[in-house]
Amino acid sequence: MRTFVSLDLETTGLDPDRDAIIEIGIVRFRGDEIVEDWSSLINPGREIPPKIEELTGISNDMVRESGIPLHRALGEAQRVIGNLPVVGHNVMFDVSFMRRQRMLAANPTIDTFELAGILIPHAGQYSLKALANELGIELTDSHRALNDAYTTYQLYLKLFERAVELPRDVLEEITNHAKRSGWPLADFWQDALETQARGVFTTNLSAKLKRSRTGQSAIARRAALKARAEARPLRPVDTPTPLDIDTVARLLNADGPFARRFEGYEMRPQQAEMLRTVATAFNESGHALIEAGTGTGKSLAYLIPSILWAQQNGERVVVSTNTINLQEQLAEKDVPAVIEALGLSDARAAVMKGKGRYLCPQRLGDLRRAGPKTQDEVRLLTKILIWLPNTLTGDADELFIPAPGERAAFAHLSAQNPACNLNTCSATDCYFNQARRMAESAHVVIVNHALLLADIAVENRALPEYRYLVIDEGHHLESAATDSLAYKIDRDELLRQLSELISTGGRRSSGLLVEISNYAHNRLPVAQGAALENLTSQAADVVGRAASEGVAFFDELLEFLSDRASNESREYSQRIRVTRSFRGEPGWTRVELIFDKLLNELNALSRNLHNLSLGMNELADAGGDVSGGEGGDSLDMLLGRVVGARRFLDEAIEQMNAIISKPSDQSIYWVEMSAERLERNGANRRGGQSAQRVTLNAAPLHVGRLMRQFIWSAKKSVVLTSATLRTATPATRNQPSFDHIQERLDAANAMTLAVGSPFDYPRSTLLYLVSDMPEPNQPSYQQYVERALTELFRASQGRGMALFTSYSQLRATAKAVAPQLLRDGIMVYEQGDGTSRRIMMEQFRNAERGVLFGTRSFWEGVDIQGEKLSALAICKLPFDVPTDPIFSARSETYEDPFNEYSVPETVLRFRQGFGRLIRAKTDRGVVVVLDRRLISKNYGAAFLNALPSPAVRRGMLAGLGTAVAEWLK
């Protein structure tokens, strides 16, 4: 058995070029035998940041008294490590610091984070501490180097045990793919394979875990297979029976079934009123927009009538959410609770996700035969091979796929692939179609907005037929529709799709055209085979020319954009709208000329694929040998893939042509280029890799027409709900109404209902408007923000959050404010410092006195109850960036864009931000707005009137601290 070293470092920060090592811990081991351990504190010759002191417990005094110089520590570390493989959790973090010191340049590395993501897909959290708890590893103080090195060593052993336990055929296939692809973990899998062959390295704990997992998965599998076998499509009754609204509403009474089931249940009149409106909409085949304030309990208010209506009428009700989190909450908690409380044992629910979440067995088979070409592909394939024998759903959410490269690789293996459809996918193999059949038998089908809108895009073929729809988180529907119906393509995607037709890299050609040629040669009579091979050869010739023209086009587009970019703008990602004037700029004519060459080749390739599909169809109609033979696809499968490839090409031709030369008045077009890509232009003009950095985009200008055609007119009843649907404009006398969302979604005929929150905002919430603030465009504004946040969070003793509209202001503010708050023992946790949102939230919850600084993603979805979040600062009104392509294009459709479009959109986001503070009846807190426009501008009343009646106080900055302290005492 080989010898390894487990390495862990503590450092002053995350950047090996700027930060310093303050502790090294090393464990040298062979199997479960410890050969040696060593650790030392290191004096970095600089101050240790307070966050690091808090995290590690290593103080400046400790390193000054006990730390040794770095060069001595490195010499001792080199003696222990030698040239052995280095094991670590996120190992490249530690190795990068050591390589900065010219150590470990040639040492192989093994990352336990990477291995855990493969071998423990359901861990939930993948920190070293969380994985140790998951696997029963005894923990000592974490974030000390030697302790973490010991924990990592034990984690490695547990992961190796799991690898050894894999089925022999799976382990052999993983090992073969790993070797061929050059994956650094190839030796790990080879070690596991050899250890398994020797029949050693098993433990009692390992066997116990294995038996437990096997037993649980077998029970779940039997239950799921039984449910699938018994699933029968619902049959709607000819004449629906209406709900007895009074009887249904009484279910929420204090003596009803929900009061008996939920401890501490309280009847909420607002919830009952919403329930009645939902039931009325179903009974009368009408549509409803319902705003239900925080704490209403809107999920129960729409689920109860939905399930009862569906069951008594043989209908299915589709419930759509914007977020996966709410979808999972409904599926795993709320729907089962309603079914149990009502005693509806025969009521059924199903979850459906977008086709992109389901594995396509056909595409997986292609990858297994061809072999992965990148480390992302081999890592993903390994995860799938381990998961495949146990999954019942084929749902990628069961896997841990954190890296963008892995997610992109899965996209090409998913049922979203154009070649995957009802004709080419067998009902027993296709996970998406299995999920669809389960949904056909369900009374409630829970989906997300992406799938709901994808169903529109394919003319209602993704979901089973339904006539009743509930849309939760409805304020996101327009943006979700925009995203779902948008189109984007870059050079990478174009070349990847072409390479799937034929790739000449490596020792031999591969791809769809090669597979068809092989099929023709091996499975068909000579004359038929020769004709088919000739068609594939013609198509293959065009693929190479199209790829070459694609590279030339994206290079030219990059050069055009680079010439337009100022030195300052090159530091930021850019989204540039493609308009008539943009196409008239000098240099665009050359872009069009080179695009025409690409367009000609793509059109030629589309014609070739059309001819190929005709030839294949003739063979199929003639009744020849259409089986795939050993290890190959059938003729029908190959034909389906040709049709899918042509569909991609035709859409690319149409969309790219519209973006570059022939725009539609009903679409918005833009190009996107990231900061990293811009910085490289000077050194790499027309230089290959940089051309991959430009993305072409298109999106619909209006979604209301589509909503009317496919939602409001197509369904019997639609209920759209959210905590924030109403907004206001100066034109409506600043009173909140549904007018804006009805106009945006073309829902003028829907009934409307607004039920307030059961929370007592006048007594629980103080809204403090700083009256002497400069406006955001004035020079001293930033200094006032910094002073205000310092006063606010000192008065609240931390326990707060500040919401920003840009990372640049967040970073500048944190840099100025954090040291001042730290002197009062208040830690600032800032978004964008390299810490994930989940870990950042966890640190905030665990901190005695902490504050969160967040941008757009923190304006929604943050749910922190109790005193932990008692103060909320909104630093600036969240107006859209005027140059954003979608915003600017839609603004142009209004006579008064600012008041008619910008203000109401911003009011909705402002209300979402305000809603982060009070999350329960017992919560109490202060919201401080540091944007004087709320007072000085006539549209300010639109924002204030849209809030749920908090206590409002206008005051000077000097009085902020006192007002906050008095309110919170």
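**Exercise 1. Find the residue in β2 that stands opposite Val5.**

Solution. In this predicted model, Val5 faces Arg28 of β2. To place the pair, look at the two strands: β1 covers residues 3-11 and β2 covers residues 21-30. The strands run antiparallel, and 9 bridges join them. In general, strands of a sheet pair through backbone hydrogen bonds, either parallel or antiparallel.

**Exercise 2. Give the order of the strands in the open sheet, and name the edge strands.**

Solution. Step one: the sheet has 5 strands, and their order is β3-β2-β1-β4-β5. Step two: the edges are β3 (33-41) and β5 (109-111), since each of these pairs on one side only. Step three: the pairing in the sheet is mixed. Neighbouring strands are turned by 20 degrees against each other on average, with direction ignored.

**Exercise 3. State which strands helices α3 and α7 lie across, and at what angle each helix runs to β2.**

Solution. Take α3 (residues 70-81): this helix lies across β1, β2, β3 and β4 (86-88). Its angle to β2 is about 10 degrees. Next take α7 (residues 145-164), which lies across β1, β2, β3, β4 and β5. Helix α7 runs at about 35 degrees to β2.

**Exercise 4. Decide whether Glu114 is buried or exposed, and list what Glu114 touches.**

Solution. Glu114 is part of helix α5 (residues 112-119). Its relative accessible area is 17%. Buried means under 20%, so Glu114 is buried. Leaving aside residues up to four places away in sequence, Glu114 touches Trp183, Leu185 and Arg379. With Arg379, the side chain of Glu114 also makes a polar contact of 2.8 Å, side chain to side chain.

Note on methods:
Residues are numbered from 1 along each chain as its sequence is written. This is a predicted model: local features need pLDDT of at least 70, side-chain atom pairs count only at pLDDT 80 or more; totals for chains, interfaces and linings use all residues. Side-chain values use heavy atoms; hydrogens and water are left out. Two strands pair if DSSP finds at least two bridges between them. Helices (H or I, at least four residues) and strands (E, at least two) are DSSP runs, numbered from the N terminus. Axes are lines fitted to C-alpha atoms, for helices over the stretch in contact, and angles run from 0 to 180 degrees between N-to-C directions. Contact means heavy atoms within 4.5 Å. Buried means under 20% relative accessible area, exposed over 50%, partly exposed in between (1.4 Å probe, protein chains only). A polar contact is a pair of N or O atoms within 3.5 Å; within protein, one must be able to donate a hydrogen and the other to accept it, and residues adjacent in sequence count only if both atoms are side-chain atoms.
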